[in-house]
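Hi there,

Here's the structure I promised to pass on. Have a look at it first, and then read my notes below with the model open beside you.

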Amino acid sequence: MLKNYLKTAWRNLIKNKVYSMINILGLAIGMTVATLIALWIWDELTFNDYHGNHKELAQVMTTFYGDHNEMETGPAVSMPLGEELKTKYGSNFKNVSMASWNFGHVLKVGETKITARGMWVESDFPSMFSFRMKEGNINALNDPSSILINASIAKALFGKEDPLDKTVRLDNKGDYKVAGVFEDFPHNTTLNDAKIFLPWKKYITTEKWLKESATQWNNHSWQAFVELNKNGDMEKISEKIKLVSMAHKNAATEGKEELVLQPMDKWRLYSEFKNGKAIAGRIQFVWLFAIIGVFVLLLACINFMNLSTARSEKRAREVGVRKALGSARTQLIGQFLSEAILVAFLSLILSIILAELLMPIFNRLADKDIGLPWGNPIFWSLILVFTFITGLVAGSYPAFYLSQFQPIKVLKGTFRVGRFASLPRKVLVIVQFTFSIALVIGTIIVFKQIQFAKNRPVNYKSEGLITINMSTPDLFGHYDAIRSDLLATGVVDDMAESSSPTTGIWSNQIGFSWQGKDPNTLPSFGTIGVTTDFGKTIGWKIKEGRDFSKDFSTDSLSMILNESAVKQIGMKQDIVGQIIQFNDKKFTVIGVIKDMIMESPYSPVTPTVFLNDPNWANVITVSIKPGVPTMDALNRIGSVFKKYNPSAPFDYTFNDEDYAKKFSAEQRIGNLASFFTVLAIFISCLGLFGLASFVAEQRKKEIGIRKVLGASVYNLWKMLSIEFALLVTISFIISIPLAWYYLHHWVQQYEYRTVISWWVFLVSGIGALLITLITVSFQAIKAAVANPVNSLRTE
């Protein structure tokens, strides 16, 4: 019986090639989208599963209480926290490890020099994070002279040589012995760009201030990771350690803070905190794309349903004959479902080919490194089940609809589908285009939000700035000489040093006081040390007062505030000339600059203080003269840095490119939404094309008679097109409140957000209508210009 079903299904597919191709192509595209989205979602849900202990691992987060009990949660902790957790709460943890941030370092072996990002960690860190050692000892960081490197770095430094026990010079400060090589972390791990790991024992002895930090609870400049014992209760342990820091701090003078454990399984998807709890993050995009995947596949299933039921009169005689010969309704349902399942499996073959072809494009858009898991039997089993279910969903309505026909009416020739038979098809077309139009509106709003943020004035030079990290000691103490040589190249406008680049604020401090300050508040300020030429180099905009100058010897005890800092201080009188105390020193405010966008362009500007203190320097900013060819400028600038920093490669970043990265998350979501929107519209139009073709064929005799009676091509085109245009118009009306509701909630997450303008809806509606008319017009005009003699003679 099954063989007969499949043979009949195949004959029907061959007999109706156009409709079969539309169904197969539509379902294939829908299944391709569903497959790509499923792989993307799986990659997100299994982020960090590479680490065998991921369910027991957590990061210690600090929730800081600001004025009016505002709460801000982040990963920065104080250095003594690690030892405190080990000694007083050790029974709750299998391992505890302090760690530095993931910074860039210069590695040198012989004449080979490369840069790589890495962290200083305690010796238990590699085993906590399940490093997969290719050679060497996973516990090697017990030795303060050791270093662990990944396989890529080992190859870059040593080629085919065995790297074990070889010496690597780090940042031109010290030599370390390669004690182990570990497997590169995959793309879907938090540590994927960490290439080297260094001993914490050595780190805390390298600088005087680091030794002093071992007992300082106010300096939050590190990270802490914990591994719970098996079956440990994350929430209960988090509650236990909540006030560990406050046992060593005075809340009135040093501020209040609480600790909370963030499980590794939530690092990726729940990175946004509110009131000290992880509530949101990329999980919203997981749900969004899951909904898109389901609906796009549903659009393809709707095409199958519509075309199958639209051709019901063509299949009615077949049903009548089969019933007259004794076929039960269940057998007919089985026949029609087998056709749908056959189409689904043919679509599967095409969708696999499409997915493989589109994967590189998809990975670029999504910033992923995923592929079809050819060797995973579970995946292919799920794909087969998914295809079978897709066939059942697509074929269910046509199967039950067609199998209900009465054989007597059909065989007597009195069967007609009825005036309301097309109503379900119209409803399904409305559903298709409602979703497609809502997707278009959403995509436009995403890009409108990105553009809105991009249009915020950054209030410093947007082009021609490069940043060089001062990663080796060779660059320190030569400021005037380096600046003089750079200016002598003829390609540099100016140069300055600072403790943060223009695209970030690396230090936030409390402890500022001024006349009239509320003693019950402990406001935090971004704090950046700069050299005198910083403002001139980056082109910041002075609103009041003056810039730092070498003409004033007192500027070493001066500060410049941004507008947000002035607002936070809240002085009624002119701020310029006022005294602000910080770290037991009195600073005079000499100027106010316009707010620079140094952090998220979607958030309010951080109140920031700029101090004329070169001792804080971490980065060098160079301003290239306008009009100078970029490569020529970089070559000349690079030669100067090689002169003063011969032990390191000349590594730099363009500030405008770093700033552009702040839009990357939203840009990726917009790009993916555009990708899926185009495919959704294509599937909808494919269905419309098939329906229009069927309607034109069904009304062939009517068109011929109307043409003989004098109907123009335009009148015939309008007659065939107006019904589809009306359906799309209804879809547009329904999509407006649905799209507005979701998008209104989405933009609320941004402090600086775009307006959901009426023209977005209008453009989307008009665009959908035009696409519909273009799709339908091909078949409508083809039918309208056909010779009526042929259609009437055929009848």
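Asn275 is in the loop between β14 (272-274) and β15 (277-280). Keep in mind that this is a predicted model. The phi of Asn275 is near 55°, a positive value in a residue that isn't glycine. Is Asn275 buried or exposed? With a relative accessible area of 54%, Asn275 is exposed, because the cut-off for that word is over 50%.

You'll find Ser130 in the loop between α4 (125-128) and β7 (133-136). Ser130 has 18% relative accessibility, so it counts as buried, given that buried means under 20%.

One more loop residue, and then we'll go inside. Glu56 sits in the loop between α2 (17-45) and β1 (57-65). At 14% relative accessibility, Glu56 counts as buried too. What does the side chain of Glu56 pair with? It makes a polar contact of 3.4 Å with the side chain of Lys230. Leaving aside residues up to four places away in sequence, Glu56 touches Val226, Glu227, Leu228, Asn229, Lys230 and Met234.

α2 has 29 residues and reaches 41 Å from its first C-alpha to its last, close to the 42 Å expected at 1.5 Å a residue. It is also mostly covered, with 22 of its 29 residues buried.

Now for the cores. The largest nonpolar core has 128 residues, and Phe610, Val622 and Ile637 are the ones with the most contacts inside it. Phe610 touches, among others, Ile528, Phe534, Trp540, Phe548 and Met598, not counting residues up to four places away in sequence. There is also a second, separate core of 41 residues, which includes Met98, Ile114, Ile149 and Phe158.

Beyond residues up to four places away in sequence, the contacts of Val622 include Leu465, Ile466, Leu486, Val492, Ile637 and Phe641. How far apart are Val622 and Glu497 in sequence and in space? They are 125 residues apart in sequence and 8.9 Å apart in space, C-alpha to C-alpha.

Last stop: strand β8 (residues 146-150), where five of its five residues are buried. In a regular strand the side chains alternate between the two faces of the sheet. In β8 both faces are covered: Ser146, Leu148 and Asn150 are buried on one side, and Ile147 and Ile149 are buried on the other.

Which strands does β8 pair with? One is β10 (residues 174-182), which pairs with β8 in the parallel sense over five bridges. Another is β11 (residues 196-199), which runs antiparallel to β8 and is joined to it by two bridges.

Happy exploring!

Note on methods:
Residues numbered from 1 in each chain as written. Predicted model: local features only at pLDDT ≥ 70, side-chain atom pairs only at ≥ 80, totals over all residues. Heavy atoms only, no water. Core = buried A, V, L, I, M, F, W, Y, C linked by side-chain atoms within 4.5 Å. Buried < 20%, exposed > 50% of the residue type's maximum accessible area, 1.4 Å probe, protein only. Contact = heavy atoms within 4.5 Å. Helix = DSSP H or I, 4+ residues; strand = E, 2+ residues; numbered from the N terminus. Polar contact = N/O pair within 3.5 Å; in protein donor to acceptor, adjacent residues only side chain to side chain. Expected span 1.5 Å × (residues − 1). Pairing = 2+ DSSP bridges.
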